[in-house]
Amino acid sequence: MGIGTDLIIGIISTFAGVAIALGIERARRPRLEIAVGKPFDFPIQAREMRVLRLTVCNRPLPRVLLWFYQSEPAMNCVAQHEIFRPDGTRLFMSSVTARWSGSPEPELIERADGKVLWKETNSEDLPPASETSLDVVVRREGSQDAFPFVNASYTNPRYELPNYRIPHGTFLIKTTIRTGGRTFAEAFHLSNDSHLDHFRIERVADPNTRRQLGL
């Protein structure tokens, strides 16, 4: 081979090596997957309560890369829920900061003026290939209204926030998680139009609806 050919091969090899290295680093970044989780039922004041939850998974690397590399943890994950009517208009003007199911209950502090404050945990770290739950909404047996289940819910003995009432009907929920400058989002249907046993969320599959919500 001539000098020119060797030079070309060297340049191609260098670019190929850089491309592979960048591809591996990209693959190691956290990849969060948001899916419908198992509802959590519990009694309060002789009434059954149901909390609808999502499952959040920090997906592992492809198996072929696991022999040599480890994916990165998703640090300081903060999640938000936005709730929309079926026509795409907002039910609430602002989003709500979501509660990670495994986080400790907020510590409520009552001030001398009667105002209740709370110390809360809004972020979560997800190690590689780990899974955790995210609370979404809560509803009480015998009631047609649902409410976001967030840290502020603990200020009410029924976990109901009057300013965030979700009435009887069907709605759309967009959940967004931010970590390390990256954003992951998913959309769900909320069915709040029947008995508590049928109170549920389902992933939005329709491409037009997903596009309407910015997905």
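Reader: Is serine 103 buried or exposed?
Author: Serine 103 is found in the loop between strands E6 (99-100) and E7 (107-110). Strands are DSSP runs of at least two residues, numbered from the N terminus. Buried means under 20% relative accessible area, exposed over 50%, partly exposed in between (1.4 Å probe, protein chains only). Serine 103 has 7%, so it counts as buried.

Reader: How many salt bridges does a search of the whole structure find?
Author: Side chains of opposite charge can pair when their charged atoms come close. A salt bridge is a side-chain nitrogen of Lys or Arg within 4 Å of a carboxyl oxygen of Asp or Glu. Across the whole structure the count is 9.

Reader: Which residues do salt bridges that share partners join into one network?
Author: Arginine 53 meets aspartate 135 at 2.7 Å, N to O. This pair links strand E3 to strand E10, 82 residues apart. Aspartate 135 also meets arginine 99, at 3.5 Å. The network is Arg53, Arg99 and Asp135.

Reader: What is the relative accessible area of aspartate 135?
Author: Arginine 53 counts as buried at 18%, and arginine 99 at 3%. Aspartate 135 is buried too, with a relative accessible area of 1%.

Reader: Why is the pair of phenylalanine 92 and tyrosine 164 classed as it is?
Author: Rings of Phe, Tyr and Trp (its six-membered ring) pair if their centres lie within 6.5 Å; planes under 30 degrees apart count as stacked, over 60 as edge-to-face and the rest as tilted. The count comes to 6 aromatic pairs. Here the centres are 5.0 Å apart and the planes at 70°, so the pair is edge-to-face.

Reader: Over which residues does pLDDT stay under 50?
Author: The chain's mean pLDDT is 83. Where pLDDT is low, the predicted coordinates should not be read in detail. One stretch has 1 contact (heavy atoms within 4.5 Å) beyond four places in sequence, and pLDDT is under 50 there: residues 16-24.

Methods: Residues numbered from 1 in each chain as written. Predicted model: local features only at pLDDT ≥ 70, side-chain atom pairs only at ≥ 80, totals over all residues. Heavy atoms only, no water. pLDDT = per-residue confidence, 0-100. Helix = DSSP H or I, 4+ residues; strand = E, 2+ residues; numbered from the N terminus.
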